[in-house]
Amino acid sequence: MKYFDYNVRVRYAETDKMGVVYHGNYAQYFEIGRVEWLRNLGISYRKMEELGVMLPVVSLTMNYKKSAFYDDEITIRTIFKKMSSVKIEFDYELYNKNGDLLTTANSILVFVNMETGRPIAAPQYVIEKIESI
């Protein structure tokens with residue numbers, strides 16, 4: 001599973017006065033996509049945190065192509081790009097119901113020990129799940 005699609009509907013609170021999704025809300029869509037990609041692979045953010053590992057975003061870039069609007073159903077496509085010993089990287093594509101590409105993005109996250117706040121190697125169970133795709 002190199003990529004995973006997840007659908008959401010744009011809520012009113014995510015838009016500006018013109019009914020257009022506010023640019024800052026796209027990061028939340030990408031987080032939803034990433035969490036669901038991991039969940040679909042059998043990796044739980046909650047479980048990872050219970051085991052003392054967090055996965056903060058250290059880089060996020062976005063390229064806006066077209067607007068998303070209130071009540072649109074959008075598809076968040078999360079694409080696994082690569083993983084090193086301490087980092088994992090994803091690309092994203094957002095589509096509207098007509099299949100129009102709205103936004104592309106890329107994020108890099110680092111595995112971090114929650115107690116020390118220092119980068120750590122990816123947990124073995126995460127490596128095994130990702131190697132299986």
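Residues are numbered from 1 along each chain as its sequence is written, and side-chain values use heavy atoms, with hydrogens and water left out. Because the model is predicted, local features need pLDDT of at least 70 and side-chain atom pairs count only at pLDDT 80 or more, whereas totals for chains, interfaces and linings use all residues.

**Stop 1: the core**

Begin by selecting Tyr-29, Trp-37, Ile-74, Ile-88, Leu-94 and Phe-111, which touch the most other members among the 31 residues of the largest nonpolar core. Such a core is a set of buried Ala, Val, Leu, Ile, Met, Phe, Trp, Tyr and Cys residues joined through side-chain atoms within 4.5 Å; buried means under 20% relative accessible area, exposed means over 50%, and partly exposed lies in between (1.4 Å probe, protein chains only). At least two residues of this core come from each of strand 1 (3-9), helix 1 (26-41), helix 2 (45-50), strand 4, strand 5, strand 6 and helix 3 (124-131), and helix 1 supplies the largest share, seven residues. Helices (H or I, at least four residues) and strands (E, at least two) are DSSP runs, numbered from the N terminus.

Now centre on Ile-88 and show its contacts, meaning heavy atoms within 4.5 Å. Leaving aside neighbours within four places in sequence, Ile-88 is in contact with Leu-55, Phe-80, Lys-82, Met-83, Ser-107, Ile-108, Leu-109, Phe-111 and Ile-130.

**Stop 2: Thr-75 in strand 4**

Move to Thr-75, which is placed in strand 4 (residues 73-83) and counts as buried at 18% relative accessibility. Its side chain makes a polar contact of 2.6 Å with the side chain of Asn-7; a polar contact is a pair of N or O atoms within 3.5 Å, where, within protein, one must be able to donate a hydrogen and the other to accept it, and residues adjacent in sequence count only if both atoms are side-chain atoms. Not counting residues up to four places away in sequence, Thr-75 touches Asp-5, Tyr-6, Asn-7, Glu-93, Leu-94 and Tyr-95.

**Stop 3: salt bridges**

The structure holds nine salt bridges, each being a side-chain nitrogen of Lys or Arg within 4 Å of a carboxyl oxygen of Asp or Glu. Select Glu-73 and Lys-97, whose side chains meet in one of them at 3.9 Å, N to O. Because Glu-73 lies in strand 4 and Lys-97 in the loop between strand 5 (87-95) and strand 6 (101-110), the pair ties together parts that are 24 residues apart in sequence. Glu-73 counts as partly exposed at 26% relative accessibility, while Lys-97, at 66%, counts as exposed.

Next, show Glu-89, whose side chain meets that of Lys-81 in a salt bridge of 3.6 Å, N to O, and that of Lys-82 in another of 3.9 Å, N to O. Elsewhere, salt bridges that share partners join Arg-9, Asp-71, Glu-73 and Lys-97 into one network.

**Stop 4**

Asp-71 lies in the loop between strand 3 and strand 4 and, at 41% relative accessibility, counts as partly exposed. The C-alpha atoms of Tyr-12 and Asp-71 are separated by 7.2 Å, although the two residues are 59 residues apart along the chain.

**Stop 5: Asn-96**

A polar atom of the Asn-96 side chain lies 2.9 Å from the backbone nitrogen of Asp-100. Not counting residues up to four places away in sequence, Asn-96 touches Glu-73, Ile-74 and Leu-102.

**Stop 6: a surface patch**

Finish with Val-57, Leu-60, Met-62 and Tyr-64, which make a nonpolar surface patch of about 300 Å². Val-57 lies in strand 3 (residues 57-64) and counts as partly exposed at 40% relative accessibility. Patches are made of residues with over 30% relative accessible area and no salt bridge, with like charges joined within 9 Å and nonpolar side chains (Val, Leu, Ile, Met, Phe, Trp, Tyr) within 5 Å; accessible areas come from the Shrake-Rupley method with a 1.4 Å probe, and for residues only the protein chains shown count as cover.
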